[in-house]
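Please consult both while reading.

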Amino acid sequence: MKNTTLLRPALLLSALFCLAALPSAAQQAPEPAPAAPAVPALPALAWEPPALEPFTATYQAFYKGKEAGDATMRVTHAGGTQWRVDMQVVGRRGFASVLGLNLEQSTVFENQGGQYVPLSQSTVRKGLFLGKKVTGTYDWQAGTARWTGDLKKERTQPIPLQAGDQSALLLNLAIMRDARPGSAMHYRYVDVGRVRQHDYQSASATESVQVGELSYDALRVARTNGGNDETILWIANGVPTPVRILQRKDGQDYIDLRLIEYQGV
């Protein structure tokens, strides 16, 4: 197992070009200076989506702009085509835990030729004044998904499945797999008794993103049809998980996860 503390990624450099000043019309132009040798431009770094591999990633968790705890995302290989992705968010400061910033989610899925197919899902939310546990099954043979637990009755009804349906956690992995500079992505979210369309747009180029003391050359991917609920991810070459995941509500930062380190094989 390789334990990797994230280092500052190399920056892409561009060539610098200097323009000589034009001589004044009232003056005789001086003899031109010998031209400096051209500086070759460095080729753009090819975008390489990460392979699906086991890893454990640790994030700082911020709640409404203030540090509130930490989060862990873990991908494990159960053998054959079966995998599992888990996310745990733990509030440790202030009123974060009282307000429900204690969340555990997991999805068991199959990797079928690069397509991530959910098989089961669970969500556990804990807080002083609330608590919820929900489990769901994606029955592809029957063609339906269904959830049980602490849900409204209408959200325990079976949902017809479609090829490509994703759980909340699988969306992160699917975006890591699919994102390219300038690309648009469309997913059908089926989770916790609800169906939603999730559309995302990648920026046309990478940007410098500061995460803690580290700076990344990262691609910004934003949901385009979330209304007042925004989701923005930043992903970087060579890192198997988003370096930052930001959820915003009504224009304000809500939950902000910033990558500290990861362990991979």
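## Basis of the model

This is a predicted model, in which local features need pLDDT of at least 70 and side-chain atom pairs count only at pLDDT 80 or more, while totals for chains, interfaces and linings use all residues. Residues are numbered from 1 along each chain as its sequence is written, and side-chain values use heavy atoms, with hydrogens and water left out.

## The chain as a whole

The protein chain contains 1 helix and 16 strands; helices (H or I, at least four residues) and strands (E, at least two) are DSSP runs, numbered from the N terminus. Of its 265 residues, 41% are buried. Buried here means under 20% relative accessible area, exposed means over 50%, and partly exposed lies in between, with a 1.4 Å probe and protein chains only.

The chain exposes about 15200 Å², of which carbon and sulfur atoms supply 53%; accessible areas come from the Shrake-Rupley method with a 1.4 Å probe, and for residues only the protein chains shown count as cover. Among contacts with a separation of 6 or more, 43% are made by residues 24 or more positions apart, a contact being heavy atoms within 4.5 Å.

Strands count as paired if DSSP finds at least two bridges between them. Strand β5 (residues 102-112) pairs with strand β6 (residues 115-126) in the antiparallel sense over 10 bridges, and Phe109 has Pro118 in β6 as its bridge partner. The hairpin of β5 and β6 has 2 residues between the strands, and Gly113 takes a positive phi near 60 degrees there. Strand β6 is also joined to β7 by 7 bridges, in an antiparallel arrangement, with Ser120 opposite Thr137 in β7.

Strand β7 (residues 131-139) in turn pairs antiparallel with strand β8 (residues 144-149) over 6 bridges. Thr137 has a bridge partner in β8 as well, namely Arg146. Between β7 and β8 the hairpin holds 4 residues, and Gly143 has a positive phi near 80 degrees. Strand β8 then runs antiparallel to strand β9 (residues 159-160), to which 2 bridges join it; Thr144 stands opposite Pro160 in β9.

Strand β10 (residues 184-191) and strand β11 (residues 194-202) run antiparallel and are joined by 8 bridges, with Arg188 bridged to Gln197 in β11. These strands form a hairpin with 2 residues between them, and Val192 in the turn has a positive phi of about 50 degrees. Strand β11 also pairs antiparallel with strand β13 (residues 214-223) over 3 bridges; there, Ser202 has Val221 in β13 as its partner.

Helix α1 is mostly covered, with 9 of its 11 residues buried. The buried residues include Leu169, Leu173, Met176 and Arg177.

A search of the whole structure finds 1 cavity of 30 Å³ or more. On a 1 Å grid over the protein atoms alone, a cavity is a set of points where a 1.4 Å probe fits but cannot get out, and lining residues have an atom within 4 Å of a point. The space in the largest cavity is about 80 Å³, where a volume is the space filled by probe spheres set on grid points joined across faces, edges and corners. Which element supplies the largest share of the lining of the largest cavity? Helix α1 (residues 168-178) does, with 3 residues. The lining includes Leu52, Phe55, Tyr116, Leu173, Met176, Arg177 and Pro240. By class, 8 of the lining residues are nonpolar, none is polar and 2 are charged; Ala, Val, Leu, Ile, Met, Phe, Trp, Tyr, Cys and Pro count as nonpolar, Asp, Glu, Lys and Arg as charged, and the others, Gly among them, as polar.

Pro49 is found in the loop between β1 (2-5) and β2 (55-63). Pro49 counts as partly exposed because its relative accessibility is 31%. Not counting residues up to four places away in sequence, Pro49 touches Met176, Arg177 and Arg180.

Thr76 is placed in strand β3 (residues 66-79). Thr76 counts as partly exposed because its relative accessibility is 32%. Leaving aside neighbours within four places in sequence, Thr76 is in contact with Trp83 and Arg84. Thr76 and Leu52, 24 residues apart in sequence, are 9.7 Å apart in space, C-alpha to C-alpha.

Key: 1 Å grid on protein atoms, 1.4 Å probe; cavity = no way out; pocket = protein on both sides within 12 Å on 5 of 7 lines; lining within 4 Å.
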